[in-house]
Amino acid sequence: ETNQPFNSLTEYNKYLAKQQQQNTENKILSDLMIKWLVDNDKTGNWLARRLGVMGSTVSHYMQGSIFPNEKILSKLLNILDSGKKIKSLDNSFDDNE
């Protein structure tokens with residue numbers, strides 16, 4: 001945490017993004033997305049088209065700087081579901097591989 005004032009709105013937004021990246025749910029989702037995309041030979045843009053969002057939005061999800069709303073999260077978890085049910089991020093690593 002900083003005790004210094006921010007010099008600009010951009011500096012403040014970068015600080016907030018960094019704080020978001022440290023959020024556990026953001027990190028778990030980011031890791032799931034990256035692993036799934038690599039394992040399935042897909043790109044962030046491919047995923048963005050399926051979700052109906054911009055490629056930059058998926059990039060932010062993968063960086064952990066923003067978290068999708070409920071509707072997008074539901075679509076995303078359905079896409080990431082490759083033979084196992086991921087109902088929430090809490091059970092995302094409880095798989096039967």
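Which residues are buried in H5?

First, the basis of the model. This is a predicted model, in which local features need pLDDT of at least 70, side-chain atom pairs count only at pLDDT 80 or more, and totals for chains, interfaces and linings use all residues. Residues are numbered from 1 along each chain as its sequence is written, and side-chain values use heavy atoms, with hydrogens and water left out.

The protein has five helices and zero strands, helices being DSSP runs of H or I with at least four residues, and strands runs of E with at least two, numbered from the N terminus. Along the sequence the pattern reads α-α-α-α-α. Of the 97 residues, 30% are buried; buried means under 20% relative accessible area, exposed over 50%, and partly exposed in between, with a 1.4 Å probe and protein chains only. Among the contacts with a separation of 6 or more, 52% are between residues 24 or more positions apart, a contact being heavy atoms within 4.5 Å.

Now to the opening question. The buried residues of H5 are Ile 72, Leu 73, Leu 76, Leu 77, Ile 79 and Leu 80. They span an arc of only 155° around the axis, and so lie on the same side of H5; the arc is that of the directions from the helix axis to the C-beta atoms. An α-helix has 3.6 residues a turn, so residues three or four places apart point the same way. On the other side of H5, the exposed residues are Glu 70, Lys 71 and Asn 78. The buried residues of H5 pack against H2, H3 and H4.

Let me take H2 as a partner. Two packed helices are described by the angle between their axes and the distance between the axes. For H2, residues 24–39, and H5, residues 70–80, the angle is about 40° and the axes are 11 Å apart. Here axes are lines fitted to C-alpha atoms, for helices over the stretch in contact, and angles run from 0 to 180 degrees between N-to-C directions. H2 and H5 are therefore oblique to each other: angles under 35 degrees count as roughly parallel, over 145 as roughly antiparallel, 65 to 115 as roughly perpendicular, and the rest as oblique. The crossing of H2 past H5 is left-handed, a term used if the near helix is turned anticlockwise from the far one by less than a right angle, with right-handed used if clockwise.

From H2, the residues Leu 29, Leu 32, Met 33 and Trp 36 meet Leu 73, Leu 76, Ile 79 and Leu 80 of H5. By class, this contact of H2 with H5 has eight nonpolar, no polar and no charged residues. In this scheme Ala, Val, Leu, Ile, Met, Phe, Trp, Tyr, Cys and Pro count as nonpolar, Asp, Glu, Lys and Arg as charged, and the others, Gly among them, as polar.

In the segment after H5 we find Asp 81. At 19% relative accessibility, Asp 81 counts as buried.

The axes of H2 and H4 come within 7 Å and cross at roughly 115°. In that contact, Ser 30, Met 33, Ile 34 and Leu 37 of H2 meet Val 58, Tyr 61, Met 62 and Gln 63 of H4. The contact of H2 with H4 divides into six nonpolar, two polar and no charged residues.

H3 has Gly 44, Trp 46, Leu 47, Ala 48 and Leu 51 as its buried residues, and their cover includes H2, H4 and H5. The axes of H3 and H4 come within 8 Å and cross at roughly 110°, which makes H3 roughly perpendicular to H4. This time the crossing is right-handed.

Finally, the backbone. Gly 52, which follows H3, has a positive phi near 75°, and Gly 64, which follows H4, has a positive phi near 80°. Asp 41, a residue other than glycine, also has a positive phi, near 50°. Asp 41 sits in the loop between H2 and H3 and, at 69% relative accessibility, counts as exposed.
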